[in-house]
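Dear colleague,

Please find below the structure that I am handing over to you, followed by an account of what was found in it.

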Amino acid sequence: MSVDEANLQEIGVLEPDACDALIPSGAAKLDAQNVSAWFGRKKVLEGVSLVMEPGKVTALIGPSGCGKSTFLRILNRMHEVIPGAAVGGTIMLDELDIYDDQVSPTRVRKRIGMVFQKPNPFPSMSIEQNVLSGLRLSGATSDNRRELVEDSLQRAGLWNEVRNRLGEFGGSLSGGQQQRLCIARALAVKPRVLLMDEPCSALDPISTGVIEDTIRELAEDVTIVIVTHNMQQAQRVSNNCAFFLIEDEGAAGRMIESGPTKALFEDPQDMRTAGYVHGRFG
Amino acid sequence: MSHQVITLPGAGHADVLSVTHADEPKRPRSWSRRDVVELLLSAVAAAGATGTLFVIMDWRSLVAATIWWFLLFVVIYRIEVGANHGPIVAADRMMTATIAAGGLICFALLVWIVSFVIGKGLPALRPGFFTQDLSKVGPLNPGGGALHAIIGTLEQVGIATAVVVPLAILTAVYLHEMKGRMAPLIRFIVDAMSGLPSIVAGLLVYTIWILQFHRGFSGMAGAVALVVLMLPTVTRTSEEILRTIDDGLRESALALGAPQWRVIARVVLPTARSGLVTAAILGVARGVGETAPMILTAFGSPKTNLSPVTSPQSDLPLFVWSLIRQPNATQIERAWTGALILVFLVLALFTIARVLGEASFGRSRR
């Protein structure tokens with residue numbers, strides 16, 4: 001908990017939150033049990049149970065529209081931002097139920113960060129301000145901003161490229177650099193889990209390689225969940241893998257199979273998984 | 001050195017268009033000297049045809065002649081380019097000529113209005129015009145100025161803008177960011193308000209403020225009428241600006257653990273800054289030239305009145321409106337000079353706002 005939050009709690013503006021009971025840093029376990037999702041009346045995801053182990057990279061694969069991204073957005077309560085979106089089941093971040101009434105979604109999102117498909121640094125802010133934006137936006141303070149900026153950019157693998165141009169606008173970077181800036185921005189709030197929604201789909205192969213290296217290095221102290229359409233990428237970066245599929249037109253997406261990546265790709269237990277990972281459909 | 005011969009594919013008259021060096025830069029669709037000659041020839045031919053037509057028919061109207069000339073020009077140009085370069089180039093050139101003509105007409109109108117106002121207003125423009133008012137000069141004496149009107153316009157429009165801009169941006173935030181339940185109703189009311197005739201806004205303030213509450217005419221009453229007129233313009237423009245901000249930015253900010261009000265205050269509004277300045281400019285442009293509601297609210301006065309809250313106050317549109325109807329040349333001359341100052345005041349405000357708005361982040365590379 002930051003100094004700012006403590007002050008706000010003292011004067012009674014901010015209620016103490018169950019989130020504060022959590023250990024502030026280090027990779028955490030995410031445990032989804034029987035998760036379903038709806039948009040309005042339409043059920044888009046049904047009964048997904050998946051444990052995302054701490055300090056590991058979990059990849060979610062499957063054809064378009066099978067509910068991978070929806071599932072990912074449920075994991076940090078971004079799903080409910082969409083009007084008409086509803087969710088069922090439980091998500092545990094270590095010992096904390098993130099959908100508990102006592103837990104505010106903004107605090108959950110501070111602990112479970114997210115990187116989106118399209119790189120989108122804030123255009124009104126410099127590179128440095130972008131990295132620090134998470135602090136400013138969540139009302140937290142930091143004692144050593146310089147250090148935090150350098151550390152976050154280092155971990156995102158961008159420091160050496162931008163160390164002399166921290167005052168420039170984020171929009172002046174290339175697409176791959178912008179995406180790494182978004183990763184640095186997400187890391188600066190010290191999340192315990194990082195969710196990535198097809199982070200490389202808008203990037204060229206070289207930038208993709210750099211980001212995959214970054215993902216592997218990050219996994220030591222942040223749990224990573226990544227949605228990807230690229231099966232080679234899933235094999236390269238992930239420890240565990242989960243395969244999602246919609247079986248019939250108009251039905252809800254389900255998780256078909258999950259397990260260690262190697263096993264899932266080399267010895268899938270389900271026919272449908274085998275068909276997908278061997279490129280027979282999807 | 002290799003040479004390349006470019007011919008038009010499929011053209012029956014496959015004559016050699018140009019011979020260039022292969023590595024010489026050549027921009028497709030660029031204009032050569034020959035193209036300019038074609039354009040001028042068509043223009044002259046059209047002028048000749050128009051002249052003949054008007055002599056035969058014994059027509060006199062210059063406007064009609066211009067329209068006839070332009071239509072004939074387009075037809076002749078189309079045929080000429082079509083014969084020389086084929087149908088694709090002809091269609092392209094014809095559309096270019098038509099669109100350029102549209103742009104020229106708009107620009108010419110602007111130049112005409114501004115030069116007209118300058119021509120009429122410049123003779124009476126002296127330094128004293130900015131430092132004196134009309135309280136001590138008679139209608140026939142030289143001297144006097146528009147200081148009182150300039151002060152009035154700045155105060156009235158300034159107060160109205162200071163009220164409208166925050167209110168309009170907050171409303172736009174409610175309409176597009178909060179997407180509250182009342183949003184469709186409010187949008188409907190704002191749209192309806194934007195069609196409100198300005199004299200009705202003046203009557204509203206006159207009836208309530210001046211007749212009902214006996215506040216008397218004042219610059220403030222004028223400012224209230226301006227608020228009613230400017231609010232819908234600025235609100236709707238601001239909402240359209242917010243609509244252009246990428247939703248990804250909002251989602252990223254939310255995903256960093258930001259409450260919605262911080263997403264709006266620190267990401268959405270700063271990103272939209274330049275556009276919101278434009279919205280405010282459009283509002284000022286709407287308000288600064290309003291005359292009708294000011295007759296019923298600020299009323300006008302020949303004296304300098306620094307206070308917007310007590311007693312009648314003039315402004316530039318009122319200054320122009322009251323003097324241009326006078327029978328003597330001195331007053332009419334003053335009116336034109338007032339109009340000139342109004343035009344350049346608006347121009348100065350626009351320039352300042354543009355500079356402030358653009359001095360933000362550089363365009364992102366995409």
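A residue is called buried if 20 or more other C-beta atoms lie within 10 Å of its own, exposed if 12 or fewer do, and partly exposed in between, with the C-beta atoms placed from the backbone. Helices (H or I, at least four residues) and strands (E, at least two) are DSSP runs, numbered from the N terminus. The model is a predicted one, in which local features need pLDDT of at least 70 and side-chain atom pairs count only at pLDDT 80 or more, while totals for chains, interfaces and linings use all residues. Residues are numbered from 1 along each chain as its sequence is written, and chains are lettered from A and ligands numbered from 1 in the order in which they are written.

Helices of chain B

Helix 7 of chain B covers residues 219-243. Of its 25 residues, 22 are buried, so helix 7 of chain B is largely enclosed by the rest of the structure. From first C-alpha to last, this helix reaches 35 Å, close to the expected 36 Å (the expected span being 1.5 Å times one less than the number of residues). Helix 7 of chain B also has a kink of about 35 degrees at B:Met230, shortly before the proline B:Pro232; the bend at a residue is the angle between axes fitted to the seven residues ending there and the seven starting there.

Helix 12 of chain B (residues 316-324) is likewise largely enclosed by the rest of the structure, because seven of its nine residues are buried. Among the buried residues are B:Leu316, B:Phe319 and B:Leu323. Their cover includes helix 4 (147-178), helix 11 (292-297) and helix 13 (329-358) of chain B.

Two isoleucines of chain B may be set side by side. B:Ile76 belongs to helix 2 (residues 62-85) of chain B and counts as partly exposed, with 18 C-beta neighbours inside 10 Å. Apart from neighbours within four places in sequence, B:Ile76 is in contact with B:Ser42, B:Ala45 and B:Ala46, where contact requires C-beta atoms, placed from the backbone, within 7 Å. B:Ile281 lies in helix 10 (residues 273-288) of chain B and counts as buried, with 20 C-beta neighbours inside 10 Å. Not counting residues up to four places away in sequence, B:Ile281 touches B:Phe350 and B:Ala353.

The four-strand sheet of chain A

An open sheet of four strands in chain A has the order 2-1-4-5 and antiparallel pairing; two strands pair if DSSP finds at least two bridges between them. Strand 2 (42-52) and strand 5 (96-97) of chain A are at the edges with a single partner strand each, so one side of each has no neighbour in the sheet. Helix 2 (residues 68-75) of chain A packs on this sheet, touching strand 1, strand 2 and strand 4, and its direction makes about 120 degrees with that of strand 1 of chain A. Axes are lines fitted to C-alpha atoms, for helices over the stretch in contact, and angles run from 0 to 180 degrees between N-to-C directions.

Strand 1 (residues 30-39) and strand 4 (residues 85-93) of chain A pair over eight bridges. A:Ser36 stands opposite A:Gly88 in strand 4, and A:Trp38 has A:Ala86 as its bridge partner there. Seven bridges join strand 1 to strand 2 of chain A, with A:Val35 partnered by A:Val48. In the hairpin of these two strands, which has two residues between them, A:Gly40 takes a positive phi near 65 degrees.

The six-strand sheet of chain A

A second open sheet in chain A has six strands in the order 6-7-8-3-9-10, with mixed pairing. Strand 6 and strand 10 (254-260) of chain A stand at its edges, each with a single partner strand, so one side of each is left without a neighbour in the sheet. The twist averages 15 degrees from one strand to the next. Strand 3 (residues 57-61) and strand 9 (residues 240-245) of chain A pair in the parallel sense over four bridges, and the bridge partner of A:Ile61 in strand 9 is A:Phe243. Helix 7 of chain A packs on this sheet, touching strand 6 and strand 7, and its direction makes about 170 degrees with that of strand 6 of chain A.

Contact between the chains

In total, 28 residues of chain A are in contact with 23 residues of chain B. Helix 4 of chain A gives the most to the side of chain A that touches chain B, with five residues.

Yours sincerely
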